[in-house]
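Here is a short tour for anyone meeting this protein model for the first time. Take a look at the picture, and then we'll walk through it piece by piece.

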Amino acid sequence: MSDLRRRALVVFTLGPLTLFLIYLGGWFYFLPFAALLAIALFEFTKLAERSGWRTPFLLLFPFVFAQWILPEPVLNMLLPELSISVEFLALALLIGLLAILGYVLWLYEKRPESNAPGSWMANVTALVLMGWLGSHFFRLRGLEIENAAAWTALAMLGTWIADSG
């Protein structure tokens with residue numbers, strides 16, 4: 001099967017399913033997309049490790065997951081009965097950065113010749129790219145506006161077009 005046919009098959013099967021999940025919102029939207037972002041984080045850590053940087057998935061995942069679930073619109077979308085109005089995102093990001101810094105300093109103390117600055121930047125990139133930026137797909141769908149699903153679908157469509165291009 002050619003690459004174009006394979007891509008078309010994915011687009012015409014998963015595209016409508018994705019749009020339906022965006023329309024449903026809540027846990028129906030959050031769980032599949034969180035799984036996809038977790039797979040993307042795993043692939044990122046493996047790619048970074050092939051470049052010689054230490055990016056442990058098990059260290060990064062809790063902090064990246066916190067970036068997805070802790071923004072106020074996301075918590076209100078997933079758990080509306082709590083009506084949480086506190087933004088925990090900054091605290092989760094700070095704790096994640098400090099944990100990554102501690103890990104990289106431990107790496108440097110263990111082996112001073114290791115590529116600690118590269119590992120630091122790869123871990124911070126994973127936290128920001130997969131965590132903070134990834135959380136915006138959940139934040140957008142969690143907004144309490146009339147067309148939140150349409151705006152989320154438009155953001156997804158833009159991402160797919162840019163990726164395919």
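## Starting at Glu49

In which helix is Glu49 found? Glu49 sits in helix H2, where helices (H or I, at least four residues) and strands (E, at least two) are DSSP runs numbered from the N terminus. This is a predicted model, in which local features need pLDDT of at least 70 and side-chain atom pairs count only at pLDDT 80 or more, while totals for chains, interfaces and linings use all residues. Residues are numbered from 1 along each chain as its sequence is written, and side-chain values use heavy atoms, with hydrogens and water left out.

Glu49 has a relative accessible area of 36%, so it counts as partly exposed; the scale calls a residue buried under 20% relative accessible area, exposed over 50%, and partly exposed in between (1.4 Å probe, protein chains only). Setting aside neighbours within four places in sequence, Glu49 is in contact with Thr55 and Pro56, contact being heavy atoms within 4.5 Å. Glu49 and Ser119 are 70 residues apart along the chain, yet their C-alpha atoms are separated by 8.8 Å.

## One salt bridge

The structure holds one salt bridge, that is, a side-chain nitrogen of Lys or Arg within 4 Å of a carboxyl oxygen of Asp or Glu. The partners are Glu49 and Lys46, with 3.6 Å from N to O. Both lie in helix H2, three residues apart, or about one turn of the helix. An α-helix has 3.6 residues a turn, so residues three or four places apart point the same way. Like Glu49 at 36%, Lys46 is partly exposed, with a relative accessible area of 34%.

## The chain as a whole

How many helices and strands does the chain have? There are seven helices and zero strands, and from the N terminus on the elements run α-α-α-α-α-α-α. The C-alpha trace spans about 55 × 50 × 20 Å along its principal axes. Of the 165 residues, 35% count as buried. Among contacts with a separation of 6 or more, 62% come from residues 24 or more positions apart.

And the confidence? The chain averages a pLDDT of 87, with 95% of the residues scoring at least 70; pLDDT is the predictor's confidence in each residue, from 0 to 100. Confidence is lowest in helix H4 (residues 72-78), at a mean of 84, and highest in H2, at 95. Where pLDDT is low, the predicted coordinates should not be read in detail.

Helix H5 covers residues 89-110. At 1.5 Å a residue its 22 residues should span 32 Å, and the end C-alpha atoms are 31 Å apart, which agrees; the expected span is 1.5 Å times one less than the number of residues.

Which residues of H5 are buried? They are Leu89, Ala92, Gly96, Ile100, Tyr103, Val104 and Leu107. Seen down the axis of H5, these fall within an arc of 100 degrees, so they line one face of the helix (the arc is taken from the directions from the helix axis to the C-beta atoms). The face turned away from the buried side carries the exposed residues Ala90, Leu98 and Glu109. Helix H3 (57-69) and helix H6 (116-142) are among what covers the buried residues of H5.

The 13 residues of H3 should span 18 Å, and the end C-alpha atoms are 18 Å apart, which agrees. Buried in H3 are Leu60, Phe63, Val64, Ala66, Gln67, Trp68 and Ile69, and their cover includes H2, H4, H5 and H6.

Ser135 is found in helix H6 and is buried, with a relative accessible area of 0%. Beyond its neighbours within four places in sequence, Ser135 is in contact with Gln67, Trp68 and Pro71.

## Aromatic rings

Rings of Phe, Tyr and Trp (its six-membered ring) pair if their centres lie within 6.5 Å; planes under 30 degrees apart count as stacked, over 60 as edge-to-face and the rest as tilted. By this rule there are 12 aromatic pairs. One of them joins Trp27 and Phe30 edge-to-face, at 5.8 Å centre to centre and 90 degrees between the planes. Trp27 and Phe30 are three residues apart in helix H2 (residues 26-50), about one helical turn.

Is Phe30 buried or exposed? Phe30 is buried, with a relative accessible area of 1%, whereas Trp27, at 39%, counts as partly exposed. Ring pairs also link a cluster that includes Trp27, Phe30, Phe61, Trp68 and Phe138.
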